[in-house]
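Hello,

As promised, here is the structure we talked about. Please have a look at it first, and then read on for what turned up.

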Amino acid sequence: MKLTPPMALRFHRRRRLVIGLGALPLVVSPTVRAAVGGLPSNTGHNDGSPEWDVLRSKLFGTRPIDATSGRVQLIIPLRAAYGASVPVKIVSNLAQTPELYVKRLHLLVDKNPSPLAATLELTPEVGQADFETRIRVDEYGHVRVISELSNGELHMSSRFVKTSGGCSAPPNRDSPELIGKTLFKLPGPPKIGQPTTVDLTVIHPNDTGFELNNVTVMYIPSYFVRTIEVSYAGRKVFDADLDFSISENPTWRFNFVPHAPGELRAEVVDSKEKHYSGALQIG
Amino acid sequence: MPLRQRPDRRRAGIRVCVGACAVALGLLAGPGMAAPPPAMPAGHKNEGIPPAYRPMVVEPTGAPGRSEFDLNPALARAKRENRRLYVYLGADDCPYCRRYENFLRKNAGELVPHFKPWLVVDLRSSLSTLQSQLFFRVGQQSLVYAAFQRSINDERARMLVYPSVWLFDPQMKPLMPMPAGTGTFETVEEQLEILNLVQ
């Protein structure tokens with residue numbers, strides 16, 4: 001798959017965003033003060049951060065973002081077992097209809113080297129805009145989801161998480177020959193005409209570039225899944241623009257509406273421009 | 001991200017990771033590590049969980065190559081006293097275990113009263129005990145580390161990390177998913193979050 005111009009544009013925008021963040025001056029914002037025990041004081045789930053201030057301005061400009069509407073909810077443990085694999089669930093309290101639907105979801109990890117973990121472009125074919133995945137969290141900080149509705153409204157849910165080391169955790173791969181294998185799994189039987197939950201897994205190291213090879217004592221170059229395009233019976237369900245903040249073997253649980261028997265398909269491209277695909281016949 | 005920033009960020013990331021936990025893998029403890037864990041203090045003495053917490057110390061039993069911790073006496077006592085279990089797995093040669101124990105020692109005045117509803121169980125292992133050699137006995141069953149973790153639906157089945165903490169009710173039902181290592185609760189405020197089961 002060649003990068004279409006809008007997708008290429010998104011990549012360039014992402015790179016510029018990351019560069020912009022990398023150039024953040026190392027100053028202590030007045031909103032981040034040391035508290036007793038060395039913890040930052042902005043640990044409330046709805047608090048801001050210097051990184052968020054920059055991201056917000058670059059991604060959304062001055063558009064209002066409603067953090068109290070409850071239209072979207074982020075579920076994530078305060079402390080995960082491992083920083084390299086933090087389970088995240090996004091719940092949308094809005095039915096996905098052609099009249100009004102969740103058009104875009106942005107998943108951000110404020111303090112990661114590359115904070116924009118995922119941008120999902122959705123269609124009403126999702127049926128219910130709930131997603132689950134696993135992310136890397138490098139430092140104590142906020143994880144945020146911003147839901148953009150088809151009418152232009154922005155809604156946010158955020159959580160402060162106490163996890164670290166996710167981007168430099170030692171890799172855990174054992175089957176490099178399987179890289180790119182793209183698998184669908186239905187946890188339950190498909191429901192014709194209704195949102196049906198499915199798991200999509202891409203076997204991939206999703207290397208961050210911050211992991212040490214303990215044998216060569218060299219850093220493993222970054223190598224990660226960049227895009228996933230999911231369709232059903234030839235109709236787009238969602239596109240995902242991803243980064244290495246998504247954990248090894250990126251997995252997404254999502255919904256789609258099978259209106260009739262058809263093929264559920266995923267097209268995957270990684271950062272070496274390698275293309276993979278997976279499919280599942282429904283009905 | 002400007003390339004010149006990468007090495008510093010990378011080292012910082014490694015320090016964060018190593019600082020968070022001592023993974024019981026030879027590769028992380030190896031000499032080639034860019035940022036080794038802090039050295040064991042000279043002449044250190046392994047006291048495990050400080051006595052102020054009145055820990056129930058459990059030493060491993062078993063033949064060489066098999067290190068088994070029998071949790072049955074602790075469970076029986078927890079049931080008898082109607083207390084929750086705070087099970088700590090430490091290693092005698094693990095700097096991060098010493099760090100957590102020192103944190104508990106230093107803050108015992110503040111923390112001990114909050115540990116009252118808990119029976120602290122101090123499992124004393126060693127970094128050289130690999131996860132394939134570590135067993136837990138509950139009832140008649142003796143389960144190797146990964147199987148034990150799977151049996152209680154604990155995500156940490158994948159990797160043994162020293163130190164580790166489990167929280168159980170007297171029936172040995174896990175009370176809260178716990179992180180690998182203790183690095184995320186080494187302030188009084190955060191230790192209290194753990195004891196109060198804040199998720």
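Before the sheets, one term: two strands count as paired if DSSP finds at least two bridges between them. Please also keep in mind that this is a predicted model. It scores ipTM 0.71 and pTM 0.79.

Let me begin with chain B. Three of its strands form an open sheet in the order 3-6-7, with mixed pairing. Strand 3 (67–70) and strand 7 (141–144) of chain B are the edge strands; each has a single partner strand, so one side of each is left without a neighbour in the sheet. From one strand to the next, the twist averages 25°. Strand 6 (residues 134–138) of chain B runs antiparallel to strand 7 of chain B, and four bridges join the two.

Strand 2 of chain B pairs with strand 5 (residues 118–125) of chain B in the parallel sense, over three bridges. Within that pair, Val58(B) stands opposite Leu123(B).

What does Val121(B) touch, leaving aside its neighbours within four places in sequence? Its contacts are Pro55(B), Met56(B), Val58(B), Ala74(B), Leu85(B), Tyr86(B), Val87(B) and Tyr88(B).

There is a helix in chain B worth a look too. Helix 4 (residues 95–106) of chain B has 12 residues and spans 16 Å from its first C-alpha to its last, close to the 16 Å expected. Its buried residues are Tyr96(B), Cys97(B), Arg98(B), Tyr100(B), Glu101(B) and Leu104(B).

Now to chain A, which has two helices and 16 strands. Of its 283 residues, 43% are buried. Among the contacts in chain A with a separation of 6 or more, 69% come from residues 24 or more positions apart.

Thr196(A), Val198(A), Leu200(A) and Val202(A) make up its covered face, while Thr197(A), Asp199(A) and Thr201(A) lie on the uncovered one. Strand 8 (residues 182–185) of chain A is joined to strand 9 of chain A by four bridges, running antiparallel, and Lys185(A) has Asp199(A) as its bridge partner there. Strand 14 (residues 251–256) of chain A is also antiparallel to strand 9 of chain A, with six bridges between them; in this pairing Val198(A) stands opposite Phe254(A).

Finally, a word on confidence. Chain B has a mean pLDDT of 81, and 77% of its residues reach 70 or more. Over residues 1–36 of chain B, however, the pLDDT is below 50, although this stretch has 69 contacts in the model beyond near neighbours in sequence. Where pLDDT is low, the predicted coordinates should not be read in detail.

Best wishes

Definitions and conventions:
Residues numbered from 1 in each chain as written. Chains lettered and ligands numbered in written order. Predicted model: local features only at pLDDT ≥ 70, side-chain atom pairs only at ≥ 80, totals over all residues. Axes fitted to C-alpha atoms, helices over the stretch in contact; angles between N-to-C directions. Expected span 1.5 Å × (residues − 1). Buried ≥ 20, exposed ≤ 12 C-beta atoms within 10 Å, placed from the backbone. Contact = placed C-beta atoms within 7 Å. pLDDT = per-residue confidence, 0-100.
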